[in-house]
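Trainee: I have a new model open and would like to go through it. Where do we start?
Mentor: Have a look at it, then we can begin with the charged pairs.
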Amino acid sequence: MANMDHWVINGFDTHIPWWFLLAAIKAVAAFAMLVVLTLFNIWFERRVVSRMQMRVGPNRVGPQGLLQSLADGVKLALKEDIVPTNADKPVFWAAPVISTIPAFLAFAVIPWGGAVSIFHHWTTLQLVDLPIGVLYILAVSSIGIYGIVLAGWSSGSTYPLLGGIRSSAQMISYEIAMGLSFAGVFLYAGTMSTSGIVAAQAHIWYIIPLCVSGLIYMISMVGETNRAPFDLPEAEGELVGGFHTEYTSLKFALFFLAEYINLVVVSCLAITMFFGGWRAPAPIAHWWHGANAGWFPMIWFLAKLLIFVFVFIWLRGTLPRLRYDQFMRLGWKVLIPVSLVWLLLVAVIRQLRNAGDMDSGHLVPICLAAAALFVALLVGLEVRERNQDARDLRRRNAEEALREQDASGFAGGFPVPPLPGQVRPVVARRAPRTPSLALAANGHSTEESSDGE
């Protein structure tokens with residue numbers, strides 16, 4: 001190879017544009033990074049949860065058990081591939097692929113670093129920069145849900161079908177709130193490009209002025225990825241394993257891979273939209289002017305990603321699974337209304353700032369007040385729900401006591417209260433057993449008992 005544009009392939013001198021070669025290198029690097037992060041996150045989750053539960057966790061395969069995830073993947077590949085008799089086989093085979101491919105495609109517009117020099121050519125650490133990159137992620141991620149729905153339908157079993165239906169309802173419920181949380185970022189950044197949003201956070205991360213939007217997105221992204229406490233499509237106590245109950249071998253591994261890649265993608269999107277993207281934290285960038293140059297931004301990006309992954313694992317190890325009605329109530333009655341009200345407030349604030357009637361000193365108290373109002377609303381709804389549960393419990397106990405009273409007071413009669421002018425019927429109660437009757441019931445005669453006395 002004389003230079004970057006000329007390659008010798010099978011004895012022929014081939015001209016390859018340098019931009020094509022750089023795009024291929026970045027595509028392979030993005031694919032490899034997602035696969036390696038999946039293996040690492042599985043090991044990391046098992047180690048963190050085991051530490052929370054005072055266990056050891058994987059520590060046999062490789063140093064500190066780091067190769068345990070790779071060994072599990074090889075084991076899954078060597079397992080028997082079972083297809084149910086009643087399954088729709090073409091759809092059954094296609095469903096895992098439909099779930100996995102969009103997870104990889106969504107990562108294409110995520111910037112994980114700034115401009116770097118590769119083979120003496122400058123390029124950004126981003127596969128492609130679209131002017132509507134965020135809308136592209138929403139569109140691609142919504143396709144992945146079809147794989148889950150088709151997996152549940154094609155299995156020919158009841159529990160996978162119920163898990164697929166739950167996933168579709170879950171995606172519809174929480175993707176609305178997620179999209180509304182992005183609208184505030186679009187108003188502040190003035191663009192839908194992911195790299196443009198990162199560039200707009202050079203002075204302040206959007207998690208500070210758009211704290212409510214960030215909180216709504218972080219709740220929604222847990223629901224979108226079917227992670228605990230929102231893992232209702234895979235509720236083993238209700239649906240055995242959910243949509244992938246009938247899957248084995250590599251097809252099950254593809255669902256597992258798609259789940260962890262989606263975890264990485266939504267975390268990267270949260271970092272890009274609200275936490276400055278690949279930029280270093282403000283104290284580090286203030287004291288070290290080269291923190292956002294070269295390959296160092298990739299280090300900050302991976303560090304933020306690791307923190308988000310730890311939060312996912314922390315939620316799984318500490319919070320119980322919600323009931324399905326609680327989950328839907330949170331999405332439709334809390335997140336969506338709050339997102340609409342907050343978006344209206346953000347639009348008013350932006351208009352006032354553009355008109356020059358509001359400065360940054362007024363913005364922080366308004367954001368803090370809105371965040372406090374949001375937390376108070378969540379607490380109020382939780383208290384209201386607990387009070388409602390307590391009232392329902394007292395009502396059930398009262399009804400049960402009334403039924404027992406009616407059964408004892410009207411035994412042999414009608415189980416209704418007496419009308420005015422009527423007398424409550426007197427029910428003959430069973431006489432208590434005498435000692436002699438008790439002895440007779442035990443096989444002794446009354447004469448023997450009297451002689452014994």
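Mentor: A term before we go on: a salt bridge is a side-chain nitrogen of Lys or Arg within 4 Å of a carboxyl oxygen of Asp or Glu. Asp231 and Arg321 form one, with their closest N and O atoms 3.0 Å apart. Keep in mind that this is a predicted model.

Trainee: Where do Asp231 and Arg321 lie?
Mentor: Asp231 is in the loop between helix 7 and helix 8, and Arg321 is in the loop between helix 11 and helix 12, so the pair ties together parts that are 90 residues apart in sequence.

Trainee: Is Asp231 buried or exposed?
Mentor: Buried, because its relative accessible area is 14% and the cut-off for buried is under 20%. Arg321 counts as partly exposed, at 30%.

Trainee: What else is Asp231 in contact with?
Mentor: Leaving aside neighbours within four places in sequence, Asp231 is in contact with Asn226 and Arg321.

Trainee: How many salt bridges does the structure hold?
Mentor: Nine. One of them joins Glu45 and Arg316, where the closest N and O atoms are 2.5 Å apart. Glu45 sits in helix 1 (residues 18–52) and Arg316 in helix 11 (residues 296–318), so this pair ties together parts that are 271 residues apart in sequence.

Trainee: Which residues are networked with Glu45 and Arg316?
Mentor: Arg227 and Glu259; the four residues are linked in a network of salt bridges.

Trainee: What about Arg323, which partner does it have?
Mentor: Arg323 forms a salt bridge with Asp325, at 3.0 Å between the closest N and O atoms. Arg323 is partly exposed, at 42% relative accessible area, and Asp325 is partly exposed too, at 37%.

Trainee: Changing topic. What is in the largest nonpolar core?
Mentor: That core has 78 residues, and those touching the most other members are Phe107, Phe182, Tyr217, Met221, Met273 and Phe274. Helix 9 (residues 249–274) gives the most to this core, with 12 residues.

Trainee: Now the outside. Which residues form the nonpolar patch on the surface?
Mentor: Phe40, Leu66, Leu67, Leu70, Val74, Leu78 and Leu306, with about 630 Å² of accessible area together. Helix 2 (residues 68–78) supplies the largest share of the patch, three residues. Val74 is found in helix 2 and is partly exposed, at 45% relative accessibility.

Trainee: Where does Arg350 lie, and what does it touch?
Mentor: Arg350 lies in helix 12 (residues 324–355). Apart from neighbours within four places in sequence, Arg350 is in contact with Leu187 and Tyr188. Arg350 is buried, with a relative accessible area of 18%.

Trainee: Last one, the overall numbers. How many helices and strands?
Mentor: 15 helices and four strands. The protein has 453 residues, of which 40% count as buried. Its accessible surface comes to about 25,100 Å², and 67% of that belongs to carbon and sulfur atoms.

Conventions. Residues numbered from 1 in each chain as written. Predicted model: local features only at pLDDT ≥ 70, side-chain atom pairs only at ≥ 80, totals over all residues. Heavy atoms only, no water. Core = buried A, V, L, I, M, F, W, Y, C linked by side-chain atoms within 4.5 Å. Buried < 20%, exposed > 50% of the residue type's maximum accessible area, 1.4 Å probe, protein only. Helix = DSSP H or I, 4+ residues; strand = E, 2+ residues; numbered from the N terminus. Contact = heavy atoms within 4.5 Å. Patch = residues over 30% accessible without salt bridge, like charges linked within 9 Å, V, L, I, M, F, W, Y side chains within 5 Å. Areas by Shrake-Rupley, 256 points an atom, 1.4 Å probe, with all protein chains shown as cover.
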